Amino acid sequence: MNEIFGIPAQALLGQLLLGLVNGSFYAILSLGLAVIFGLLNIVNFAHGALYMMGAYVAWLGLELFGLNYWWALLLAPLIIGLFGVLIERALLRWLYKLDHLYGLLLTFGVALVIEGTYRYFFGVSGQPYPVPDLLAGATDIGFMVLPNYRAWVVVASLAVCLATWLMIERTRLGATLRAATENPKLVQAFGINVPLLVTVTYGFGVALAAFAGVLAAPIIQVNPLMGSNLIIVVFAVVVIGGMGSILGSIFTGLALGVIEGLTKVFYPEASATVVFVIMALVLLVRPAGLFGREK
Amino acid sequence: MRNVSWVYLIGAVLLLVAPTVFYPVLLMKVLCFALFACAFNLLLGYVGLLSFGHAAFLGSAAYTTGLAMTRLSITPELGIALGVVMAAVLGLIVGALAIRRQGIYFAMITLALAQMVYFFCLQAPFTGGEDGLQGVPRGKLLGVLSLENDLVMYYFVVVVFVLGFWVIQRTIHSPFGQVLQAIRENEARALSLGYHVDRYKLLAFVLSAALAGLAGATKTLVLGFATLTDVHWATSGEVVLMTLVGGVGTVVGPVIGALVIVVLQNELADKVGPWVTVIMGLIFIACVLAFRRGIVGEMLARLPVNKGPRD
Amino acid sequence: MKKTYLAAAALLLASGAALAQSKISGDVVKIGVLTDMSGLYSDIGGQGSVVAAQLAVEDFGGKVKGKKIEVVAADHQNKADVASSKVREWIDREGVDMVTDALNSAVALATAKVIAEKKKVLIDTGAASTRLTNEECTPYTIHHTYDTYALANGTGKAVVKQGGDTWFFLTADYAFGHSLEKDTSDVVKAAGGKVLGSVRHPLNASDFSSFLLQAQASKAKIIGLANAGGDTINSIKAANEFGLTKHQTLAGLLVFITDVHSLGLQATQGMYVTEGWYWDLNDDTRKWAKRFYEKTKKMPSSNHAGVYSAVTMYLKAVNATAADDGDSVMNWLRKNPETDMFGKNMVLRSDGRLIHDMYLFQVKKPSESKGPWDYYNLRHTIPGDQAFQPLSASRCPLVKGK
């Protein structure tokens, strides 16, 4: 049994892979948050709850309508994205002229409402969600047995993140979005419907969260609390990465997932707090975050 | 000014007679959270800093006092003092890190650092993790007066609350408090006037943390335990809600807010279960959208006298 | 506040021309079922515990010594602080005299403290930690149904006898998990086995993959699951997903019939289970289970049966002593072993432990089962005096001679 740094290779590489899986979730979620924050200047505290809602669309879809996983991957972002649009139109848009902190508080309230409602209907225990047949089973890659599904999660997340980055950095729509972030009034003067852009952006960010939720469903028990503890780690990830660049959030999310996985091998007791420790260190050295630009 | 004195007088009378009608333990819980909310309000209402991790100070003091009382067999006032010191030290560390950013980032950093405190309390061997710290004795005040009796404990808590409230009052009305409010109104101008803005903010932060710690330490003695709920981010959210509902930046607002929220939670918890969270969320949303001045803020705005800056 | 109640009650009773001098407080005997209504343990306790308590009240005739019996219930949400506050309020404001279920060891320990302070009675059926009858024992606590020592003695010993001599523990990180891990480790080591390591997971963990990876890396023959309810179910599922079960065997140290029902016989067949009661043991149990099933559409867990027995015991004591305060009830119970549908001649020891037989079951193969809930083959009945920790080894300060 070969060993690396005194730890059996099997354990090390296994945890690294799991860390990569977690990192993929961090990446998608922090990406969604960054997109929303970039244009709306609102920290979407409800992001975790919306991620949870996406997972429930998948589970309910299966239970009630026999909707399989692939349909859920498509429908959940659409449905929850629309729900996000509703939130933005009904609640958030009243706050744009106020201090940005109110947006944080409002979305916090929304998160509470969503989680409380789901807790009423589904309790606190998780519901199991089966892995789709195509991705079931595991591959023996020598040093560990890797469930195929987890490999798919990494691939799918990276694909979606890269697609988002391409859209924002390389397309006309993305250019308009970036311009609106810098100077909304000027962009509006050019005839672009900025409020519509804002609404669509929020919906898109929410859709990303819901997508992550469906991805998570077969791995984690689908339960009403699955978003709330994850979201705080994602906040830390966002602070570390800085809100400046899309690529930055993706990279930071992945990197932190991997670091967390490594910590589980070498120093398991610290695995829950390592992200926060890194955040504290980054704040001391680079207050704007690793990729951030001071606004 | 006279209006305010009447309010205090009525409040004092109510405080003194309340335990004859209401359950003393519930009243004490309200007072502790009222103090917590007032401490939080010092930071939000008067300095303009939204801390989303204030439970870290409430909880760390709660655990410290709990540990001191169970392991060291000291008197309650010493136990509380230790808790306050712990909260103040933690406030210094968190504040020093968080002050580097503003607004949203400040809030997120306080949240994340509070989460670290949560995980520490979860994993440290001496905090009892998920079990929490149970069976904390109330001890004998100054070595003579036993606080085991709920009524006696109640009056002690009233004294603690009044003390904390008085400290906040003095701070707000002092030159230090004036500078804080100047920083809230226009930080750049305060800086240009030569004030070491960061130092003021940090001092306010530590003071707020220490008073939150006072609330937490007292709460441990009242209820006899310290658990993870005390350091959970939901508690941080609750104190924001209490202050918002009562009235940010008003003196009495947080007290009213705490009264409303604690009583609401207590009465509803059994009857509606998870809907309590939903109701809290709805109140949050309603407050942010339509009711930003809170109960006391709305009342004050309607008084003919107070059309100027808030008290 | 309590003195006012008692004074008022005494006056009422005196002027009420009662036949016998009664010391039942507040004119009502109130029983509090403190349970997990919606969390990971809700199937084991939850609404079923309330039903079980109500059945006991029904069988007693709804009244004891002319006073009405009332059952109240609360959800402790698996939080010790919620439980502690609730019990305190129950006693101070609502005159609750006895608390039962208290499913979750942290909740049980917190509740025991409040009960002892107020001198009421706690008959705990749902919690497992042996700390209840050792370090944290009180004169007002009765530990019913089972505990981690009995589990270790049953399942642990059986697995080691089968050749499982190297163990790795997956432990729920709170009082119960620690207790179960410690007691089982002791049994394994006493039988000549080795404990290769352990990892702690948070209660109600959502993802067991990284913990199971560590279990796999240890190369232990047996992965001991020192957790319960939803956590056990998820550990077993995840272990299957990662192919752990090909080279290692899972040992579920605390499994209830409701868990087997959730997982299905395919996943659990052959597993050893130690419980204090099973619905299919004899005619009495079958009759009671049928009544329970009619009300809930589910078969009762051993915890539900325990709640029934606990309430019955308490009511018998109140009836015999014409009082419902802690001291009278506990003294009577210590002198009078209990016989009911749960067990025969169950003795209450000075450390609060209720002694009764425990049963070692093995889960049936799908082909052996005649239908839903027919899951267990009885392998061995462990007599009460061997199942539980001997009094001589007790760390309880109340045990004489300590």
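**Close-up views of a predicted three-chain model**

**View 1. The end of α9(B).** Just after α9(B), Gly224(B) adopts a positive phi of about 85°. Helices (H or I, at least four residues) and strands (E, at least two) are DSSP runs, numbered from the N terminus. The model is predicted: local features need pLDDT of at least 70, side-chain atom pairs count only at pLDDT 80 or more, and totals for chains, interfaces and linings use all residues. Residues are numbered from 1 along each chain as its sequence is written, while chains are lettered from A and ligands numbered from 1 in the order in which they are written. The expected span is 1.5 Å times one less than the number of residues. Of the 27 residues of α9(B), 21 are buried, so the helix is largely enclosed by the rest of the structure. A residue is buried if 20 or more other C-beta atoms lie within 10 Å of its own, exposed if 12 or fewer, and partly exposed in between, with C-beta atoms placed from the backbone.

**View 2. α4(B) against α9(B).** Helix α4 (residues 76-98) of chain B meets helix α9 (residues 197-223) of chain B. Their axes come within 7 Å and cross at roughly 145°. Axes are lines fitted to C-alpha atoms over the stretch in contact, with angles from 0 to 180 degrees between N-to-C directions. The crossing of α4(B) past α9(B) is right-handed; that is, the near helix is turned clockwise from the far one by less than a right angle. This contact holds 18 nonpolar, seven polar and no charged residues. Ala, Val, Leu, Ile, Met, Phe, Trp, Tyr, Cys and Pro count as nonpolar, Asp, Glu, Lys and Arg as charged, and the others, Gly among them, as polar.

**View 3. The largest nonpolar core.** This core has 349 residues, and Ala210(A) and Ala112(B) touch the most other members. Helix α1 (residues 9-40) of chain A gives the largest share, 19 residues. A nonpolar core joins buried Ala, Val, Leu, Ile, Met, Phe, Trp, Tyr and Cys residues through C-beta atoms within 7 Å. Neighbours within four places in sequence aside, Ala210(A) is in contact with residues including Leu50(A), Tyr51(A), Met53(A), Val57(A) and Ile80(A). Contact requires C-beta atoms, placed from the backbone, within 7 Å.

**View 4. Chain B on chain A.** Here 32 residues of chain B are in contact with 31 residues of chain A. On the side of chain B, α5 (103-123), α10 (233-246) and α12 (275-290) each supply at least two residues. The largest share, 13 residues, comes from α5(B). By class, this side of chain B has 23 nonpolar, seven polar and two charged residues.

**View 5. α12(B) and its cover.** Its 16 residues should span 22 Å at 1.5 Å a residue; the end C-alpha atoms of α12(B) are 22 Å apart, which agrees. Buried residues of α12(B) include Val276(B), Met280(B), Ile283(B), Phe284(B) and Val288(B). Their cover includes α4 (100-122) of chain A, together with α10, α11 (253-272) and α13 (294-302) of chain B.

**View 6. Chain C on chain A.** The contact takes 18 residues from chain C and 20 residues from chain A. On the chain C side, α7 (209-218) and α8 (229-241) each supply at least two residues. α7(C) provides the largest share, five residues. This side of chain C divides into four nonpolar, 11 polar and three charged residues.

**View 7. Two positive phi values in chain C.** Asn78(C) has phi near 60°, a positive value in a residue other than glycine. Asn78(C) sits in the loop between β3 (67-75) and α3 (80-94) of chain C. Asn78(C) is buried, with 23 other C-beta atoms within 10 Å. Ala102(C), also not a glycine, has a positive phi of about 50°. The loop between β4 (96-101) and α4 (105-118) of chain C holds Ala102(C). With 32 other C-beta atoms within 10 Å, Ala102(C) is buried.

View 8. Trp373(C) lies in the loop between β14 (358-363) and β15 (376-382) of chain C. Trp373(C) is partly exposed, with 19 other C-beta atoms within 10 Å. Leaving aside neighbours within four places in sequence, Trp373(C) is in contact with Ile257(C), His261(C) and Met299(C). Val72(C) belongs to strand β3 of chain C. Val72(C) counts as partly exposed, with 16 C-beta neighbours inside 10 Å. With neighbours within four places in sequence left aside, Val72(C) is in contact with Lys30(C), Gly32(C), Glu94(C) and Val96(C).

Technical notes. Two residues are in contact if their C-beta atoms, placed from the backbone, lie within 7 Å.
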